[in-house]
Amino acid sequence: MANFEHQLVVCIVNEGFADAVMDAAREVGARGGTVISARGTANQEAQKLFDITVDPQKEMVMIVVPTELRDDILHALYKEVGLNTPGQGIAFAMPVDNVIGIAGNNKSEGEGSSDK
């Protein structure tokens with residue numbers, strides 16, 4: 001299994017909670033993220049099963065972080081904007097195999113990998 005130096009943490013929250021996502025992530029080491037406006041959908045059965053009301057207007061926050069910060073960030077997001085909060089957020093992480101443009105990881109043109 002490959003070792004990945006970075007992870008993409010994605011958090012989807014009700015509209016108006018992106019700043020709370022970034023505040024929680026920054027508290028444990030994230031430096032910045034990207035917010036995208038989105039629209040959620042869910043059927044009535046899912047809303048009853050999870051005992052939630054789905055607000056169709058969402059914000060999706062994407063944060064690229066070093067792998068060692070992933071678990072701390074996910075835990076912070078769960079506490080601050082998880083399903084049992086007004087933000088009703090869900091969060092997940094995916095490995096990222098190449099990163100350019102992040103401070104400390106810039107390689108000369110053509111290298112295209114964050115390998116050391």
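Colleague: How do β1 and β3 pair?
Modeller: Strand β1 (residues 6–14) runs antiparallel to β3 (residues 57–66), over nine bridges. Strands are DSSP E runs of at least two residues, helices H or I runs of at least four, numbered from the N terminus, and two strands pair if DSSP finds at least two bridges between them. This is a predicted model, where local features need pLDDT of at least 70, side-chain atom pairs count only at pLDDT 80 or more, and totals for chains, interfaces and linings use all residues. Residues are numbered from 1 along each chain as its sequence is written, and side-chain values use heavy atoms, with hydrogens and water left out.

Colleague: And which residue in β3 is the bridge partner of Ile12?
Modeller: Met60. Ile36 also stands opposite Met60; β2 (residues 34–39) pairs with β3 in the antiparallel sense over six bridges.

Colleague: Switching to α1, which residues are buried there?
Modeller: In α1 (residues 18–27), Ala18, Val21, Met22, Ala24 and Ala25 are buried (under 20% relative accessible area; exposed is over 50%, partly exposed in between, with a 1.4 Å probe and protein chains only). They sit on the same side of α1, because they cover an arc of only 165° around the axis, taken from the directions from the helix axis to the C-beta atoms.

Colleague: What covers the buried residues of α1?
Modeller: The cover includes β1, β2, β3 and α3, with contact meaning heavy atoms within 4.5 Å. Asp19 and Glu27, on the other side of α1, are exposed.
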